[in-house]
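Hi everyone, thanks for coming. Please have a look at the model on the screen, and then I'll walk you through a few places in it.

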Amino acid sequence: MHFTTADYVIFTLLLVASAGIGLFYAFSGGRQRTTQEFLMADRSMSCLPVSLSLLATFQSAVAILGAPSEVYTFGTQYWFLGCSYFLGLLIPAHVFIPILYRLRLSSAYEYLELRFNKTVRICGTVTFIFQMVIYMGVVLYAPALALNAVTGFDLWGAVLAMGLVCTLYTALGGLKAVIWTDVFQTVVMFAGQLAVIVVGANQAGGMAEVWRKAVNGSRISGLDLNPDPLERHTFWTLGVGGVFLMLALYGVNQAQVQRYLSARTEKEAVMSCYVVFPCQQIVLCLGCLMGLVMFARYGEDSPLDKGYVKTNDQMVLYFVMDVFKDLPGLAGLFVACLFSGALSTISSAFNSLATVTMEDLIKPYFPNMTEAKATLLSKGLALVYGLVCLAMAYLASIMGSVLQAAFSIFGMVGGPLLGLFCLGMFFPWANSTGAVVGLVAGLAMAFWIGIGSFVMRMPDSLPALNATVLPLFDNMTTAAMTTLVTATKAKPSGVEALYSLSYMWYSAHNSTTVVV
């Protein structure tokens, strides 16, 4: 299965359109001459583009590849994650956004200095930079690897094309370009996923037939109310543990906070949270439907078992190429959809990294810097982070199975940062010493459990679950530390039980550690 000319044309058009939007904002309006315009889009964005951008940042290539293969393998239990979106967006809308918006901040971590002191702010910033740099390499590498395995598309050609286009429009067009390309890329993502579901269901004999096969193959899950936190996916781990993951993302993550702060008014920032909610439910349903259509097509003998692909993540692309083999151009549309997910994530990361580096690490030490020089430096930072991201993609390629570790590191770092902000907002008697000690304790606990569970599963004869990319939010919190509770042995106890904690509880556990 290989790309046709039509597929290449559609894929190239996506990259050209994304770069075009960046160039348009580089040469229009105030031409990105001030840091306000470059980093904060002049605080002039309306509700709809902000909410679609929030959605695109959340809907990464990792989620597009991961959700369908998760549902294909384990059934629709994953769909209950949708229950966590409600509180996960209501709390940021009415607790975090009002506080951060009224302070007129550029970096979320400025709040930490106002509440505690400069040391806490720098600790928060450095933690965030570490988290995003690791994650960016993986987000860039994962879709390129899947594409290479299934279509023979040159791996480093894909990585470089994505990395360079993304760096170009982020460094030239600033946050406005990032938000508007996100809007464009969200539309492409919906189109790509819908095309696959419609054509795939049609080939399987209609949606009723897909549902019948899924029921017969026991892929339709009921409500699992097992309260055991060691179970990988139950209603509680997804519906309650998921709330903390959503808060770490939508409440305190700079990439998302920057979106709210770019809104015209506080009301529009809050509204964007409400608009994201139905969009996320649609995205989740599309991912689950695609998994069921895949099951209707392949049943129990998956392309993975037959050796056509090497990992679960490549299965979705294999399925897409299989469904569209007689329809030139549509496979290109899906790959464009996949890369849109990656581009929107990475551009958000570049922009937020440039902002925190500028606002938290450079400006405080050079208070007399002119506006022109600060803007130029911000653009330079976006460019540098773009190149660092390409280097991280290279590292991700060498790491092999450590991709799983990298994803978990992402999930593990978001929790302690959430705990730090909660400590500041809800505990008036907490002081700066407590904040630093809490953050260090939270990170230590996170890495201890994360690395422990990783090491514990390594030597086992049990096959490690091939869920390198379990779709969580974002572009951001993809915790592929699939905690495989071994159904063969007795329940783990003591420290082993801690290592078997469901990855969906990581954020809740680590943020609580910080506060305690």
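Let's begin with a serine: a polar atom of the Ser500 side chain lies 2.9 Å from the backbone oxygen of Glu496. Keep in mind that this is a predicted model. Ser500 sits in the loop between α18 and α19, and it counts as buried because its relative accessible area is 4%, where the cut-off is under 20%.

Now to charged pairs. Side chains of opposite charge can pair when their charged atoms come close. The count here comes to 13 salt bridges. One of them joins Glu70 and Arg232, at 2.7 Å from N to O. That pair links distant parts of the chain, with Glu70 in helix α4 and Arg232 in the loop between α9 and α10, 162 residues apart. Are these two buried or exposed? Both Glu70 and Arg232 are buried.

Compare that with Glu209 and Arg212, which also meet in a salt bridge of 2.7 Å. Both lie in helix α9, three residues apart, or about one turn. Glu209 is partly exposed, at 22% relative accessible area, and Arg212 is partly exposed too, at 42%.

Next, helix α10, residues 235-250. At 1.5 Å a residue, its 16 residues should span 22 Å, and the end C-alpha atoms are 21 Å apart, so the two agree. Still, where does α10 kink? The kink, of about 35°, is centred on Gly242.

Last stop, the surface: Leu23, Phe27, Leu168 and Leu172 make a nonpolar patch of about 340 Å². Leu172 belongs to helix α8. Thanks, all!

Notes: Residues numbered from 1 in each chain as written. Predicted model: local features only at pLDDT ≥ 70, side-chain atom pairs only at ≥ 80, totals over all residues. Heavy atoms only, no water. Helix = DSSP H or I, 4+ residues; strand = E, 2+ residues; numbered from the N terminus. Expected span 1.5 Å × (residues − 1). Bend = angle between axes of the 7 residues up to and from the residue. Patch = residues over 30% accessible without salt bridge, like charges linked within 9 Å, V, L, I, M, F, W, Y side chains within 5 Å. Areas by Shrake-Rupley, 256 points an atom, 1.4 Å probe, with all protein chains shown as cover. Salt bridge = Lys/Arg side-chain N within 4 Å of Asp/Glu carboxyl O. Buried < 20%, exposed > 50% of the residue type's maximum accessible area, 1.4 Å probe, protein only. Polar contact = N/O pair within 3.5 Å; in protein donor to acceptor, adjacent residues only side chain to side chain.
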